[in-house]
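Okay, thanks for coming, everyone.

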Amino acid sequence: MKTIAVIPARMGSSRFPGKPLSRLLGRTMLEHVYKRVALSNSLDATYIATCDEEIRQAAQDFGAPVIMTADTHERASDRVAEAAAGIDAELIVMVQGDEPMTHPEMIDTAVEPFRHDPQLGCVNLVRSIDNKADFYDVNTIKVVMNQQDDAIYMSRQPIPTAPAQLAQSNFVHTCAYKQVCIIPFRRETLIEFSRLPPTPLEQLESVDMLRLLEHGYRVKMVRTSFNTQAVDTQADLERVAGLMAADPLLSSY
């Protein structure tokens, strides 16, 4: 299967304007994401999708192919769908531009289920939440799954409910998981996503995958052991800089 990655990025983040081009260990955050994603053995190509000239120029400066998109998209998945429309690929992997700790093996893990299930349309990576801060952080998207590891619901709120005693002890919530924003789509599912009308819970939670769930589509959750940190605020950026300082992957790019 021909597989590409598309990294959506825009300057107008409400929580951290201009964050794709914020500096992180001597490079822009977006360059880190692109270079790490492109190391995956599962990909035939990696693109950046943006509506901003500043991002286009910066991406070209570090050697990334860029696809310009409309500036009207509210959802990253819609931007990726537009960008991928003219590319011949069966699998399109969306990797958020604010995930600079992405490891190429995560891409490999996320696309593997498609090789065994021809009916599978969308996969998300998921990881257990092992600290109270992530569980209560509205920037961390929590996931509730069924016994087959298909998503039931996603929320920015702390779900499922935590027993009161967890607040007074070391945080060990055996059913708490967070979405890791590496999301492969089969081509036809991504196209269908962009054609489906936005849904009430998608808009309320500001979570792309709820559009699929509310329209009755399956979203397969695949577990990863990699512990990443998305950048939603300046404080996140500073935290990630500390976490990545000793990352051996840095020497690969």
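Predicted model: local features only at pLDDT ≥ 70, side-chain atom pairs only at ≥ 80, totals over all residues.

Before anything else, a word on angles: axes are lines fitted to C-alpha atoms, for helices over the stretch in contact, and angles run from 0 to 180 degrees between N-to-C directions. Contact, whenever I say it, means heavy atoms within 4.5 Å. Helices (H or I, at least four residues) and strands (E, at least two) are DSSP runs, numbered from the N terminus.

Residues are numbered from 1 along each chain as its sequence is written, and side-chain values use heavy atoms, with hydrogens and water left out.

So, the overall picture. The protein has nine helices and 12 strands. Its C-alpha atoms fill a box of roughly 50 × 40 × 35 Å along the principal axes. For 253 residues, a compact globule would have a radius of gyration near 18 Å, and the protein's 17 Å agrees with that. That radius is taken over C-alpha atoms, and the globule rule is 2.2 Å times the number of residues to the power 0.38. Of the contacts between residues at least 6 apart in sequence, 69% join residues at least 24 apart.

Now the sheets. Two strands pair, by the way, if DSSP finds at least two bridges between them. Look at β4 and β5: they run parallel, joined by three bridges, and A49 has I67 in β5 as its bridge partner.

There's another open sheet of five strands, ordered β9-β8-β10-β7-β12, again with mixed pairing. Its edge strands are β9 (151–155) and β12 (220–223), each pairing on one side only. The twist averages 45 degrees from one strand to the next.

Which helix lies across β7, β10 and β12? That's α4, running at about 120 degrees to β7.

Staying with α6, its buried residues are T189, L190 and F193. Buried, for me, means under 20% relative accessible area, with exposed over 50% and partly exposed in between (1.4 Å probe, protein chains only). Those three cover an arc of only 100 degrees around the axis, which puts them on the same side of α6; the arc is that of the directions from the helix axis to the C-beta atoms. They pack against α3, β6, β11 and α8 (209–214).

So what about α3 itself, residues 76–84? Eight of its nine residues are buried, so the rest of the structure largely encloses it. Among the buried ones are D78 and R79.

On to the interior, where 56% of the 253 residues count as buried. A nonpolar core is a set of buried Ala, Val, Leu, Ile, Met, Phe, Trp, Tyr and Cys residues joined through side-chain atoms within 4.5 Å. The largest one has 34 residues, and M154, F185, M209, L212, V219 and M221 have the most contacts inside it. α3 gives the most to this core, with five residues. Apart from it lies another core of 27 residues, including A59 and V180.

Last stop: D232, in the loop between β12 and α9 (234–244). Buried or exposed? Buried, with a relative accessible area of 6%. Beyond its neighbours within four places in sequence, D232 is in contact with R15, F16, K19, D98 and N139. That's my tour, so over to you.
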